[in-house]
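Please read it alongside the structure shown below.

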Amino acid sequence: MKQRISYMLGAFGHDMYYATLSGFFILFVTSKLFEGLPAAEASRMIAFISSLVVIIRLIEIAFDPVIGGIIDNTNTRFGKFKPWIAIGGVISSVALALIFSDFFGIAHTNTILYTILFIIVFIILDAFYSFKDIAFWSMLPALTTDNREREKLATVARLGSSFGGSSVGMFIVPIIAFFTLMVTGHSGQGASGWFWFGMIVAIISGGTALITAWGTEEKQSDLRQIGQKTTTIEIFKSIAKNDQLLWISLTYILYAIANVATQSTLMLYFKYVLDALDSYSLVGLIGMIAGFIAVPLFPILVKKLTRRLVFTIGILFMIVGYGIFLTAGTNLTAVLVGIAIFLFPQQLVFLSVLMTITDAVEYGQWKNGVRNEAVTLAMRPLLDKLAGALGNGFVGFIAVSVGMTGSATAASITSSNVSAFKMYVFILPAIVMALALVIFLSRINLTEKRHQEIVKELKSRVVTESRSLSNLTTKFEEKFGGSENVNYFFSPGSINLLGENTNDKDGHVLSIATTVGTMGVARLRTDDKIRLYSMNFEEQGLIEFRLSELKDSISGSWANDVKAMILNFNQSGYEMTHGFDLLVKGDIPITSGLSSSASLEILVATVLNDLYALNLDRLAIVKLGQQAENSHTGVQSRVIAQFAITFGRNGKGILLDVNTLDYKLLPIELGEYDLVVMNTNVAHEVGNFKYNERVSETQSALKTLQSELSIQTLNQLTPVEFDAHKTVIGDEMLIKRARYVVYENNRVKEAQDALAAGDLTTFGQLLNDSQASLKEDCEVTTQELDTLVTLAQSQEGVLGVRMTSIGFSGSALAFVKHENVPAFEEKVGNVYESETGNKVAFYTTQIGNGAEKIVH
């Protein structure tokens, strides 16, 4: 909420500034700045300053992509955008106040000096306004990658923009009149009134820029590639290659030019055609009300319709407004109705364009391989400034060409002048808007659905790049010398979907292998040396030992897992006489509950089986991995993680009887759902033997029940049978432990039926029920894990949530509809951090294959 409010206030001040500079500064120049000079000299200076404004703004616009590149290459502890919002906001605001003055009388005493000073100040103003403008709107994709959250942020920002822009038109006349009276004692609209109007806008704009910099947070992510630099040539290349950016830019510039041509001349329309200047404030009021209604409607309309349809309806509404202007004559009521119809959809059109340009950031990254946030988003403010610059010149051109200057009045304007005015201000802009609509409908295909597909593919690219065989080979050559005779291996992580904490009581477990895991590059040696290197623990450097030194532990090193596995092979009769080189890189976060140690152990087992041609079957590898895990960690674990990692199959769940090791592969059709792993980032302390305590407690409950029932394991009982005999156990804590095991085994069986029927909804509810029992009966959760699960279960598009580890820390797994994943991560992450002080880490995965040698 803080971020949305801060961004909204920044947009309020930002559009006040834009409306003032683009719509009203030239009116100040033409009406009051040179008042008192001889008529000829005043006219010359008005024309000269007006032309300078247009020329400077057009020249500066060409540098906007370069400014975007500078911002993209900024890297500070405050982020890349916020420093420029603050600096640009303050400096451009000071400059705005200055140009609404006569430079302490110099405009009337020395026009040459005034012109020089004006050029300097206006260049500074335009440059720093550009830095702020580009940074402000470019920051949106850095705040979130979720379409819906982007739409909400853009919506509140546009609400602020609407109020800011409309408030200028609504209050400019009374503000100027008030301060003119206060300073001079005379009524009217004097230069002093204009100055204080500019000062108020400057203070608001600069202040709200600082609020935005203070109240927003730029999110770091793999997709953003913060450290990447972009050259000037690459900046223009990235724009040229982004076809969707170019087409939406052409669409928007046509729309913006047409809109500015109309809006910037409405004051002339009211003064010289309608003879109702006093009613001009109603335009601002109508615009504010229209924005207040339209902006909050945007996310609702987009959800029910699409951006494409919202944009189309908006343009058609505005064209209808033009029709009313052309037929209303001097009927003020009809004109106001036309203004309402014309102004109402403007925010909808703007937001549709803004969101499409924002999505073009990921589109450009997907297409060109480089992410240019500020460069891409610089296009929208660039186009606005181009339209604004042309608007500055357009007002002067229209006023002169139809005689609406100087002492002219409504009575002195001829019917032919009015017709010409309507041609320039209504008919031609309507045609241009229609052309913009045609281009949008025929050329823009970057829909919301397409953007989500692109984001998903980009995320998969991050994983793929991390596993690049060429990158691994390069690192292997660097550390071990050469890459001849190397072999590549992959071992996944694992997730228990159901059955956690029953695998040691001879229950049934449903698990999967993940698409995240551990890569290995290995090569057999001719001596007895073993050399190891991990790209995840590069600070530990190259680790080297001999086969005779396997029992010597290395304090705090990942290499101990490798040693344990090799030692277990030797003790099982698979003695090795030659060493090997092994480089590993994993993308399983440690303490995440995805079996990172088991993944490494099975990787080593797969490597040993291949290098030494042992011809072990998969079950033998599983048992060797489990033995190594138990001897190394001291935990009484069974084979579940090792089994899933070894036997995993793409799109299949493994239903395992941990007593007989019989298993079935169950199809799990995720369809539109993703598996989102959420790491609590709380240390995974299995050394406290809490897990072993649960084993002992459950065995005690079983032993008591055996005094009355002829059973060998708890999984022989149905829930009904257990409830009928649970009082035999006596101890309430032991009853809860046994109840979890019995009911969990039953949930695993129910899950088999649900998955066979493709019923993910029922399966999701089983996950939720299991999590509740893990908390209440098994008591293996923590406050952080409970907080995370509760938050996740309350989000839209979530089928079910359950912890993945053996408890007391670790991670939880959520089945989340693909389109909801970004919003899910955003909301859960923010609230979890605020409630626990820890940052939750998210990992999207799919169901993958088991450990294997990669054929290269």
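F104 is placed in the loop between α4 (82-99) and α5 (106-109); helices (H or I, at least four residues) and strands (E, at least two) are DSSP runs, numbered from the N terminus. The model is a predicted one, in which local features need pLDDT of at least 70 and side-chain atom pairs count only at pLDDT 80 or more, while totals for chains, interfaces and linings use all residues. Residues are numbered from 1 along each chain as its sequence is written, and side-chain values use heavy atoms, with hydrogens and water left out.

**Loop residues with positive phi**

- Most residues other than glycine have a negative phi.
- F104, although not a glycine, has a positive phi of about 60 degrees.
- With a relative accessible area of 84%, F104 is exposed; exposed means over 50% relative accessible area, buried under 20%, and partly exposed in between (1.4 Å probe, protein chains only).
- L661 is likewise not a glycine and has a positive phi, of about 65 degrees.
- L661 is buried, its relative accessible area being 18%.

**The hairpin of β6 and β7**

- L661 lies in the loop between β6 (652-657) and β7 (663-667), and the hairpin of these strands has five residues between them.
- The two strands, β6 and β7, pair in the antiparallel sense over five bridges; pairing requires that DSSP finds at least two bridges between two strands.
- Opposite G653 stands L666 in β7.

**Overall composition**

- The protein contains 31 helices and twelve strands.
- Of its 856 residues, 58% count as buried.
- Among contacts with a separation of 6 or more, 77% are between residues 24 or more positions apart; contact means heavy atoms within 4.5 Å.

**Cavities**

- The count comes to six cavities of 30 Å³ or more. A cavity is a set of points, on a 1 Å grid over the protein atoms alone, where a 1.4 Å probe fits but cannot get out. Grid points are joined across faces, edges and corners, and a volume is the space filled by probe spheres set on the points.
- The largest cavity has a volume of about 800 Å³.
- This largest cavity is lined by 40 residues, of which Y18, A19, N259, Q263 and Q346 are the closest to its centre; lining residues have an atom within 4 Å of a point.
- Elements giving two or more residues to the lining of the largest cavity include α1 (2-33), α11 (243-263), α12 (266-273) and α16 (346-368).
- Helix α1 supplies the largest share of that lining, eight residues.
- The lining of the largest cavity divides into 18 nonpolar, 16 polar and six charged residues. Here Ala, Val, Leu, Ile, Met, Phe, Trp, Tyr, Cys and Pro count as nonpolar, Asp, Glu, Lys and Arg as charged, and the others, Gly among them, as polar.

**Helix α12**

- Seven of the eight residues of α12 are buried, so this helix is largely enclosed by the rest of the structure.
- The buried residues in α12 are L266, M267, L268, Y269, F270, Y272 and V273.
- D275, which follows α12, has a positive phi near 55 degrees.

**The four-stranded sheet**

- Four strands, in the order β9-β10-β8-β11, form an open sheet with antiparallel pairing.
- The edges are held by β9 (798-803) and β11 (841-845), each with a single partner strand, so one side of each is left without a neighbour in the sheet.
- From one strand to the next, the twist averages 20 degrees; axes are lines fitted to C-alpha atoms, for helices over the stretch in contact, and angles run from 0 to 180 degrees between N-to-C directions.
- Strand β8 (residues 673-679) is joined to β11 by five bridges, and M678 has F842 in β11 as its bridge partner.
- Helix α29 (residues 760-778) lies across β8, β9 and β10 (811-817), and runs at about 30 degrees to β9.

- S511 belongs to strand β2 (residues 508-524) and counts as buried at 2% relative accessibility.
- Apart from its neighbours within four places in sequence, S511 is in contact with I495, N496, L497, I640, A644, G653 and I654.
- F440, in helix α19 (residues 415-443), counts as buried at 2% relative accessibility.
- Leaving out neighbours within four places in sequence, F440 contacts I248, T251, R308 and F311.
- F440 and T312 are 128 residues apart in sequence, and their C-alpha atoms are 8.5 Å apart in space.

Key: On a 1 Å grid over the protein atoms alone, a cavity is a set of points where a 1.4 Å probe fits but cannot get out, and a pocket is an open set with protein on both sides within 12 Å along at least five of seven lines; lining residues have an atom within 4 Å of a point.
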